[in-house]
Amino acid sequence: MTSFTGLGCMSGSSLDGLDLCHVEFTGDIETDIWGYHILEATTIPYDQELIERLRNSAKLSGEELIQLHVEYGHYIGTTIKEFLSNKHVDFVASHGHTVFHQPHLRYTFQLGDGETTASYLNSPFVCNFRNKDVALGGQGAPLVPNGEKFLFSANDICINLGGIANIGLKGQRGYDICPCNSVLNKLAGALDPSLQQDTDGNIAAKGDVIPEVLDRLESLAFYSKEPPKSLGAKWIEDHIDPILDVQQYSIPNLMRTFVEHVALRLKDACVLNSCQLSSDVVPVLVTGGGAFNKYLMDLFKEKLRGTKIEVEKVDDETICFKEALIFAFLGLRCILGEENVFSCVTGSRCDSVSGSIHRPLSSDGVPAKFKQCYFEFKRSSSHNMNM
């Protein structure tokens with residue numbers, strides 16, 4: 001058994017801030033069995049200026065986007081450095097912040113220049129987890145099920161309610177279900193610019209379902225498409241925003257309708273994927289910011305009545321930081337030279353070791369156990385090539 005201490009960083013399309021998860025992984029590299037212990041976790045909220053810059057980043061010119069890419073790399077670096085001021089880590093891994101995700105056009109892009117961030121760190125830094133999988137013909141998303149395969153294997157179904165809702169099935173399958181917090185947060189801000197979210201779903205709870213809007217949402221072609229599949233901001237802009245017309249309908253009614261839509265999509269995804277399970281009761285682990293939306297969760301549970309699916313009770317730390325935790329683990333696997341993105345989830349041609357490793361300022365910052373693992377990986381690779 002060996003242990004590695006790392007930091008995982010996650011910024012989602014809900015734009016609530018940068019999640020940081022300081023975690024210790026203990027496992028056996030030979031058997032590939034792993035456990036984890038969260039040491040400390042927090043969310044650093046974005047200020048309003050940064051929220052607007054990230055929200056509008058897809059509209060920037062090439063030069064402006066490069067500038068933001070570097071500036072956000074500095075932001076991640078300074079934020080991490082301050083958080084780790086009295087902590088030890090063997091490595092750091094960051095998802096970055098997604099600006100473009102168009103796997104059907106063979107590209108995806110996450111903000112946060114790796115070399116810039118690495119200039120603040122004393123340990124290896126891993127980022128850029130999606131591009132290789134997209135180059136291999138995969139969706140490049142969702143990636144969290146690839147970590148659930150090892151860290152949450154006891155859970156038959158995992159759902160993450162982030163900017164986009166996705167589902168994972170023990171790392172054997174995973175896909176994006178529907179937009180979630182990114183749409184609800186945007187509607188809340190349209191109603192009141194001071195609101196970052198609809199706390200507890202209170203605004204949605206006061207609205208009424210608009211039948212014709214719900215019908216249009218439910219009829220979107222993406223939902224009848226077979227996995228692997230993923231969503232991005234451009235798809236939401238092209239397909240969801242025109243339906244949720246704030247000029248034609250009241251925002252509380254639109255929010256109520258969209259929450260209904262999300263609950264229906266979640267229920268259908270769970271029922272579809274529980275059919276192959278023989279258990280009398282199938283627990284589903286729900287995490288991400290949307291799990292704190294009381295109205296959404298109550299509606300989802302109501303939709304599940306009469307099925308064999310039950311929502312698990314889970315601690316707030318897991319709800320908030322599961323994604324950051326898993327990106328730390330994906331970063332660890334990248335450094336160890338172990339596959340961390342699986343074709344059964346993303347639809348790529350093959351499994352891959354994905355992520356770009358950026359070295360710290362000094363070689364002294366690379367832990368000896370990583371150097372040994374890297375040496376053994378190179379020796380094994382060389383041996384296999386010569387066979």
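**Reading the nonpolar cores**

Reader: Which residues touch the most other members of the largest nonpolar core?

Author: In soluble globular proteins, nonpolar side chains tend to be buried together. In this predicted model, the largest nonpolar core holds 51 residues, and I159, L161, I177, I240 and L244 touch the most other members. A nonpolar core here is a set of buried Ala, Val, Leu, Ile, Met, Phe, Trp, Tyr and Cys residues joined through side-chain atoms within 4.5 Å; buried means under 20% relative accessible area with a 1.4 Å probe, protein chains only. Local features need pLDDT of at least 70 and side-chain atom pairs pLDDT 80 or more, while totals for chains, interfaces and linings use all residues. Residues are numbered from 1 along each chain, and side-chain values use heavy atoms, without hydrogens and water.

Reader: Which helix gives the most to this core?

Author: Helix α10, residues 251–274, gives the most, with 10 residues. Helices are DSSP runs of H or I with at least four residues, numbered from the N terminus.

Reader: With which residues is I159 in contact, leaving aside neighbours within four places in sequence?

Author: Contact means heavy atoms within 4.5 Å. The partners of I159 include I177, L266, C270, L285 and F300. A second, separate core of 34 residues includes V144, L285, L325 and V341.

Reader: How many residues of the chain count as buried?

Author: Of the 387 residues, 52% count as buried. Among contacts with a separation of 6 or more, 72% come from residues 24 or more positions apart.

Methods:
Buried means under 20% relative accessible area, exposed over 50%, partly exposed in between (1.4 Å probe, protein chains only). Helices (H or I, at least four residues) and strands (E, at least two) are DSSP runs, numbered from the N terminus.
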